[in-house]
Every structure is written in structure tokens, then in C-alpha cells.
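Please open the structure in the viewer and keep the selection panel at hand.

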Amino acid sequence: MAGPAVPAKKRRGLVIASIALAVTLLLCVLGGVTAFLVLRGAERGEGAADPVVAVDEFLTAVYSERDADRASGLVCSAARDSDKIAAKIEEVAEAAGRYDTARFRWATPKVDEQTEARALVSTELTMTTGDERSVDQQLTFVVVREAGWWVCDVI
């Protein structure tokens with residue numbers, strides 16, 4: 001003996017609800033995949049051609065131009081904190097402001113280690129004052145490759 005039959009109205013409502021749920025899930029999955037594909041390489045443009053150029057451009061933005069927006073556009077997405085970058089540039093400006101006509105220069109950056117996806121690049125930064133006093137600081141940068149080379153950390 002068969003059980004009670006499900007009324008046609010209830011069955012139609014279940015089918016419509018199932019189709020709506022399937023369409024909603026499909027749209028969510030497609031939206032997620034699209035967002036991933038669009039954003040995975042979104043580094044606000046293309047990175048530098050090589051690690052040395054990435055570091056040199058970053059140093060120019062921070063020490064010569066003191067441009068937080070430009071510096072932010074040169075770092076990897078994991079390190080792109082505009083507030084921290086702006087604070088660092090303000091710190092550089094304050095340090096330079098303590099001396100008469102302070103200038104910054106650096107040796108041509110050199111690659112110390114490099115793999116397909118990561119490089120360590122070092123240089124010596126020098127601040128010279130108007131009375132020809134100077135101080136040197138050795139800097140090492142972690143540079144990563146994500147659709148070009150991006151500065152990701154200073155160690």
C-alpha cells in the first residue's frame with residue numbers, strides 16, 4: 001500500500017524553492033571565482049621588472065620624494081598599509097628636518113638571494129647633512145614576485 005500522496009501545490013513549491021536555492025548558490029560561486037580571478041593579481045598595476053628596480057623605486061618614493069601614495073603602490077598587497085607607510089615617511093621627514101639640508105642617497109641595490117618567487121635585496125642608505133656629516137644604514141628588503149616584483153618587507 002502506498003503512502004499518502006504529496007499535494008501538487010506543495011511539490012511545485014519545493015521545486016521552485018530548490019531551483020531558487022541552486023541559482024543563488026551558482027551566483028555566489030561564480031561571484032567568488034570572478035572576485036578571486038580579478039583580485040589575485042591586483043597589485044594596482046604591474047610590479048617592477050626585477051627586484052633591484054623594485055627596491056630602487058621604493059627608496060626613491062620614500063627618501064627622495066617622500067610620497068606615501070607612490071610608496072604604497074610599490075609594495076606587495078600583504079604589506080600595503082597606507083597608514084604605516086605614511087607614518088614611516090613622516091618619520092623620515094622628521095629625521096631629515098632635524099638637520100640642515102639633509103639628503104639621502106643609497107648604493108645601487110644588489111640581489112643577495114633569489115628564487116622564482118622571492119628575493120633578498122640589500123643596499124646601504126646614507127644620510128648626509130649640510131655640514132657634511134653622514135650616517136649609514138644597511139638595509140635588506142624582501143621582494144616578492146606577484147605579476148612583477150614588489151617590496152614586501154625591510155629586515
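In this predicted model, begin by selecting Phe-58, Val-62, Tyr-63, Lys-88 and Val-154, which lie nearest the centre of the largest pocket. The complete lining comprises 27 residues, and the volume of the pocket is about 630 Å³.

Next, colour the elements that each give two or more residues to this lining: helices H2 (51–64) and H4 (82–97), together with strands S3 (118–128), S4 (134–145) and S5 (149–154). Helix H4 deserves a separate selection, as it provides the largest share, seven residues. Then colour the lining by residue class: 19 of its residues are nonpolar, six are charged and two are polar.

Now turn to the cysteines. How many disulfides does a search of the whole structure find? The search finds one. Select Cys-76 and Cys-152, whose sulfur atoms are 1.9 Å apart in this disulfide. The two cysteines are 76 residues apart and the link joins distant parts of the chain: Cys-76 is in the loop between helix H3 (68–72) and H4, whereas Cys-152 is in strand S5. Looking along the S-S bond, one finds a right-handed link, with 65 degrees about that bond.

Finally, display the surface around each cysteine in turn. Is Cys-76 buried or exposed? Cys-76 is buried, because its relative accessible area is 0%, and buried means under 20%. Cys-152, by contrast, has a relative accessible area of 22% and is therefore partly exposed.

Notes:
Residues are numbered from 1 along each chain as its sequence is written. This is a predicted model: local features need pLDDT of at least 70, side-chain atom pairs count only at pLDDT 80 or more; totals for chains, interfaces and linings use all residues. Side-chain values use heavy atoms; hydrogens and water are left out. On a 1 Å grid over the protein atoms alone, a cavity is a set of points where a 1.4 Å probe fits but cannot get out, and a pocket is an open set with protein on both sides within 12 Å along at least five of seven lines; lining residues have an atom within 4 Å of a point. Grid points are joined across faces, edges and corners, and a volume is the space filled by probe spheres set on the points. Helices (H or I, at least four residues) and strands (E, at least two) are DSSP runs, numbered from the N terminus. Ala, Val, Leu, Ile, Met, Phe, Trp, Tyr, Cys and Pro count as nonpolar, Asp, Glu, Lys and Arg as charged, and the others, Gly among them, as polar. A disulfide is a pair of cysteine sulfur atoms within 2.5 Å. Buried means under 20% relative accessible area, exposed over 50%, partly exposed in between (1.4 Å probe, protein chains only).
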